[in-house]
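Subject: The two-chain model

Hi,

Here is the model I promised to send over.

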Amino acid sequence: MIVAPQIGDRQLASLLGRASPLTKLAIGLAWLGLLLVAVDSRPALVLIAASTAGCLGLGGIPLRRFARAWAPFLVAALGVLVVNTILGAANLDAANPTLLRLGPLRVTGAALAVGMALGLRVLAVAAVGVAFALTTEATRLADALVQQAHLPERFAAGALAAQQAVPRLALDLATLRQARRVRGLRGDWHPRLLLSLLILAVRRAGRVALAMDARGFASGAPPSRYRIVSWGRADLVVGAAGLGALGLAALSLLISWTR
Amino acid sequence: MGGPVGVVFQRPGDQVVMERVEDDVAFGLERLGLAREEMLRAVPVALATVGLAGFERRRSATLSGGEQQRLALAGAIAPGAPVLVLDEPTANLDPDGARAFLERLAALRAAGTTVILVEHRVELAWALADRILVLGPDGQPVAQGTPRDVVASAGGTLVAAGIWLPPEIDSLLGVVPVVPPVGGPAGRPVVTADRVSYAYADARPAVDHVDLEVGSGERVTLVGPNGGGKSTLGRLLVGLLRPSAGQVRLGGDRPDRLAAADLARRAGYLFQDPEQQFLAGTVLDEVLLGLRRDERPRAAPLMASLGLPLDRFATRSPYDLSGGEQRRLSLACVLIRRPGLLVLDEPTYGQDRTTYRGLLGALQEHLDAGAAVLVATHDERLTRDLGGRCLRMTNGVVEAVA
């Protein structure tokens with residue numbers, strides 16, 4: 001009934017889809033690092049443009065799909081922009097020229113610039129996340145973590161099983177609430193729901209663990225690989241494009257600093 | 001476990017480990033350390049053996065319950081286990097899904113696999129068996145041998161223990177068939193659905209323009225495959241979901257707008273999975289939950305009639321009961337309010353002959369008192385025994401069964 005966001009075959013077959021999730025993760029972290037140090041609109045704009053172009057070009061994601069995944073963050077970014085523009089510390093500095101007055105509040109151009117930079121930063125972080133989420137299946141991420149980052153097998157398999165359980169928890173909660181309502185109790189919220197939910201989750205986890213052990217999960221022998229994740233041309237292309245965008249963003253930052 | 005013995009459990013969804021079908025089949029092969037080339041050969045063979053050829057890249061969450069159960073079977077046989085152990089593998093499947101599953105088992109047995117099937121509804125599986133081992137309540141063997149031998153040596157014991165047998169064995173043993181409950185002609189309408197639709201987010205409608213009326217004293221059974229929309233329709237009728245289009249009327253009101261306390265006196269709903277509706281720590285607290293003081297004395301006689309006497313069960317945890325006991329406890333929680341509309345999703349799950357009769361008796365009392373009863377079920381015996389109107393629901397659409 002509730003289905004996790006699905007990644008289409010076209011996205012999986014794209015360059016971004018074929019690149020190792022670790023490559024995407026590394027590039028994404030590098031981008032986030034730059035965004036962390038730079039409160040400035042320019043690098044954020046460069047990275048938003050780059051990840052949008054990357055999603056549409058290298059990722060095979062239809063524009064509508066990308067926009068739909070990205071849209072909720074526009075609201076958040078707008079909130080950040082408004083709050084920081086109105087309440088920004090720069091508004092208190094008399095040296096800054098007034099842009100407009102909202103009753104007792106004075107809004108300055110400097111505060112607007114900071115607000116824009118922070119809002120764009122939210123969008124840029126979101127763009128990185130959307131690019132990763134729309135081209136990476138959990139199975140492949142787990143495979144890459146085990147095969148390329150040499151994380152323990154049990155950890156990765158356990159995380160995968162847990163990830164599959166999340167949508168079912170949402171269903172359980174909906175049913176438990178209905179169960180309260182049909183017994184004449186206000187259904188919306190009650191601490192007992194949490195306990196029942198926990199019991200269901202633990203019992204199901206026990207059954208899944210049993211099923212996994214029945215197929216030799218607990219044997220401890222090193223498993224062979226049905227799916228292979230290996231470095232390839234896609235990693236080169238994605239890595240080069242990602243680093244190129246990072247360089248451009250850094251350059252734009254330098255330009256605004258030196259001006 | 002693992003390796004030489006393949007295991008299939010009861011709940012289809014709880015055995016799927018991986019997101020994609022082929023990865024799930026390969027899961028056990030990887031643990032055996034098979035070479036990749038061998039796995040690439042073995043996975044499609046195992047899927048074809050269970051009738052899921054071409055399903056390799058499908059997401060397991062999108063399969064029906066019957067398909068998921070056959071996927072679990074594929075995962076169990078892929079390592080080439082000579083012995084298969086199955087624990088009530090068809091308990092959650094619709095009749096067609098169950099038959100398809102047992103056909104695959106028969107083919108495996110013909111190909112030389114040893115199949116050990118644990119089952120307490122043996123009608124479908126009886127014909128497959130070479131040998132039968134009957135265990136008593138204490139786990140001790142009661143009888144063992146070919147089906148013919150077991151009927152000859154322990155037929156009476158089986159009947160007395162309430163074990164379901166195929167109809168031809170029943171008549172051989174002289175078992176009296178269940179007396180179907182008598183419903184009067186439908187009285188004034190209790191619930192009506194007028195062009196009702198419901199769609200979950202991003203999916204085709206689960207209920208698609210359904211018209212339905214159930215009258216006082218009337219019983220209606222709703223059959224059809226897993227995922228056909230039966231549970232969703234049931235929840236719409238008792239106001240647990242709000243229709244996306246159309247209207248539900250419960251005695252003139254829209255049930256989704258009723259206050260919970262009011263709704264609970266007018267409509268009862270039995271959820272398919274008993275565990276998903278437990279909200280208390282003990283059996284007694286569970287059955288009394290939300291009741292008025294004057295309704296509480298109903299608990300003792302009702303629980304006794306359903307085979308859960310309070311002197312033995314009151315302080316136990318609902319989760320520690322057997323599946324069949326959980327089902328009867330959840331049913332008691334619905335019946336105790338004596339609502340005018342009863343919507344029951346798989347009420348006979350896990351019931352033996354004795355408790356089944358008790359359940360039909362309880363339904364009869366409610367019908368006599370003028371309740372409207374709608375039952376969604378895969379249990380063909382219940383559909384037969386309950387009588388009344390039978391509707392089939394497929395892809396969200398309801399049609400009458402001739």
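A salt bridge here is a side-chain nitrogen of Lys or Arg within 4 Å of a carboxyl oxygen of Asp or Glu. Keep in mind that this is a predicted model.

Domain 1 of chain B puts 18 residues into the contact, and domain 2 of chain B puts in 17 residues.

How much area do domain 1 of chain B and domain 2 of chain B bury between them? The figure is about 1,500 Å², with 38% of it on carbon and sulfur atoms. On the side of domain 1 of chain B, the residues that lose the most area to domain 2 of chain B are B:Asp94, B:Arg121 and B:Trp164, which together make up 34% of what that side buries.

Four salt bridges are counted between domain 1 of chain B and domain 2 of chain B. If you want a pair to look up, B:Asp170 and B:Arg353 form a salt bridge in which the closest N and O atoms are 2.7 Å apart. Eight residue pairs are in polar contact across the interface of domain 1 of chain B and domain 2 of chain B (both at pLDDT 80 or more).

**Between the chains**

Now for chain B against chain A. The area buried between chain B and chain A is about 5,100 Å², and 51% of that lies on carbon and sulfur atoms. In chain B, the residues losing the most area to chain A are B:Asp14, B:Arg31 and B:Leu279, together 16% of what that side buries. The contact involves 66 residues from chain B and 47 residues from chain A.

How many salt bridges are counted between chain B and chain A? The answer is ten. Polar contacts across the interface of chain B and chain A come to 29 residue pairs (both at pLDDT 80 or more). On the side of chain B that touches chain A, at least two residues each come from E1, H1, H2, helix H9 (260-266), E10 and helix H13 (323-335) of chain B. H1(B) gives the largest share of that side, ten residues. By residue type, the side of chain B that touches chain A has 34 nonpolar, 14 polar and 18 charged.

Chain A has its own domains: domain 1 (9-141 + 232-258) and domain 2 (151-219). Their centres, over C-alpha atoms, are separated by 35 Å.

**Charged pairs to click on**

Over all chains, the count is 31 salt bridges. Some of them are worth a look:

- B:Arg31 pairs with A:Glu153 in a salt bridge (2.7 Å, N to O). B:Arg31 also forms a salt bridge with B:Glu30, where the closest N and O atoms are 3.2 Å apart. Both B:Arg31 and B:Glu30 are buried.
- A:Arg168, A:Asp172, A:Arg204, A:Arg207 and B:Asp14 belong to one network, joined by salt bridges that share partners.
- B:Arg11 and B:Asp273 meet through their side chains in a salt bridge (3.0 Å, N to O). These two sit 262 residues apart: B:Arg11 lies in the loop between strand E1 (5-8) and helix H1 (21-31) of chain B, and B:Asp273 in the loop between strand E10 (267-270) and helix H10 (283-288) of chain B. B:Arg11 counts as partly exposed because its relative accessibility is 24%, whereas B:Asp273, at 18%, is buried.
- B:Glu22 and B:Arg57 form a salt bridge too, with 3.0 Å between the closest N and O atoms. B:Glu22 is in helix H1 of chain B, while B:Arg57 is in the loop between helix H2 (36-49) and helix H3 (65-77) of chain B, 35 residues apart. B:Glu22 is buried, with a relative accessible area of 13%, and B:Arg57 is partly exposed at 42%.

Cheers

How values were computed:
Residues are numbered from 1 along each chain as its sequence is written. Chains are lettered from A and ligands numbered from 1 in the order in which they are written. This is a predicted model: local features need pLDDT of at least 70, side-chain atom pairs count only at pLDDT 80 or more; totals for chains, interfaces and linings use all residues. Side-chain values use heavy atoms; hydrogens and water are left out. Helices (H or I, at least four residues) and strands (E, at least two) are DSSP runs, numbered from the N terminus. Buried means under 20% relative accessible area, exposed over 50%, partly exposed in between (1.4 Å probe, protein chains only). Domain bounds come from an automatic or database domain assignment. Contact means heavy atoms within 4.5 Å. Buried area is the accessible area (1.4 Å probe) that two parts lose on being put together, summed over both. A polar contact is a pair of N or O atoms within 3.5 Å; within protein, one must be able to donate a hydrogen and the other to accept it, and residues adjacent in sequence count only if both atoms are side-chain atoms. Ala, Val, Leu, Ile, Met, Phe, Trp, Tyr, Cys and Pro count as nonpolar, Asp, Glu, Lys and Arg as charged, and the others, Gly among them, as polar.
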